[in-house]
Amino acid sequence: MASLDELLSRIPIDSVAERLGVDRQTADTAVRAALPTLVGGLGANARNPEGAASLMSALDEHSRSGLLDGVVNVDKVDTDDGGRIVSNVFGEKKDQVISTLGTVNGSGGSTLVADLLPILAPIVLSYLAEQIKGAGASASGGEPREGGALGDLLGGLLEGASGRSGGGGGGIGDILGSVLGGSSGGGLGGLLGGLLGGGKR
């Protein structure tokens, strides 16, 4: 069953920390904040046919990357590709997303987040490609969502985590709850609310 926690388990936090030159805790906090934000942004793109078609094309390419075959080798992640993905996902709001993620306590700041997102993006797309390919028709077997199987998968990832966010059990659901729920100044909750409600531009 696809979930943000499963996706998190595929990311080698120690290697990410080494790549970014930070301690493990900082890398873990930043990854836990960035993952649901990326998924939320991808979900926003999948809400319209053009965005969904573009994402499905990208997933087709990443399904052949071999990035998730065994343990992910962070050094083999194409961060140029990752940077393009991040730009496409968030559009003109990219800098705002990075800045806001950088304010999450313990995340290491916006400079670290800016370096992290291009590492995470290809991993996320490879994971989604794996799930789409493996699940096939079952990914869209329930009530259809905008974006078809992809929208169903992305929506399920977000709903599954946010549904646990109030349980006090830790995990990425708690981060997602705070990210999508917003903070006192609106924060990522307001920003992603705009993305999910009306496109990225």
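This note sets out numbered points on the fold, the nonpolar core and selected helices of the structure above.

1. Basis. The model is predicted; local features need pLDDT of at least 70, side-chain atom pairs count only at pLDDT 80 or more, and totals for chains, interfaces and linings use all residues. Residues are numbered from 1 along each chain as its sequence is written, and side-chain values use heavy atoms, with hydrogens and water left out.

2. Overall fold. The protein has ten helices and zero strands, where helices (H or I, at least four residues) and strands (E, at least two) are DSSP runs numbered from the N terminus. Of its 201 residues, 45% count as buried; buried means under 20% relative accessible area, exposed over 50%, and partly exposed in between (1.4 Å probe, protein chains only). Contact means heavy atoms within 4.5 Å. Among contacts between residues at least 6 apart in sequence, 73% join residues at least 24 apart.

3. Nonpolar core. A nonpolar core is a set of buried Ala, Val, Leu, Ile, Met, Phe, Trp, Tyr and Cys residues joined through side-chain atoms within 4.5 Å. The largest such core has 53 residues, and those with the most contacts inside it are Ile11, Val16, Val31, Leu42, Leu116, Leu117 and Leu128. At least two residues of this core come from each of H1 (4-9), H2 (13-20), H3 (24-45), H4 (49-62), H5 (79-90), H6 (94-101), H7 (110-135) and H8 (148-162). H7 gives the most to this core, with 14 residues.

4. Faces of H2. Ile13, Val16, Ala17 and Leu20 are the residues of H2 to note as buried. Seen down the axis of H2, its buried residues fall within an arc of 100°, so they line one face of the helix; the arc is that of the directions from the helix axis to the C-beta atoms. An α-helix has 3.6 residues a turn, so residues three or four places apart point the same way. On the other side of H2, Asp14 and Glu18 are exposed. Gly21, with a positive phi near 75°, follows H2.

5. Packing of H2 on H3. The two helices H2 and H3 pack at an angle of about 105°, with their axes 8 Å apart. Axes are lines fitted to C-alpha atoms, for helices over the stretch in contact, and angles run from 0 to 180 degrees between N-to-C directions. H2 and H3 are therefore roughly perpendicular to each other (angles under 35 degrees count as roughly parallel, over 145 as roughly antiparallel, 65 to 115 as roughly perpendicular and the rest as oblique). Ile13, Asp14, Val16 and Ala17 of H2 make the contact with Arg24, Ala27, Asp28 and Val31 of H3.

6. Val16 and Leu116. Val16 lies in helix H2 and is buried, with a relative accessible area of 0%. Not counting residues up to four places away in sequence, Val16 touches Ile11, Ala27, Val31, Val74 and Leu116. With neighbours within four places in sequence left aside, Leu116 is in contact with Val16, Leu20, Ala30, Val31 and Ala34.

7. Leu38. Helix H3 holds Leu38, which is buried with a relative accessible area of 2%. Leaving aside neighbours within four places in sequence, Leu38 is in contact with Val89, Phe90, Leu117, Leu120, Ala121 and Val124. The C-alpha atoms of Leu38 and Val89 are separated by 7.7 Å, although these residues are 51 residues apart along the chain.
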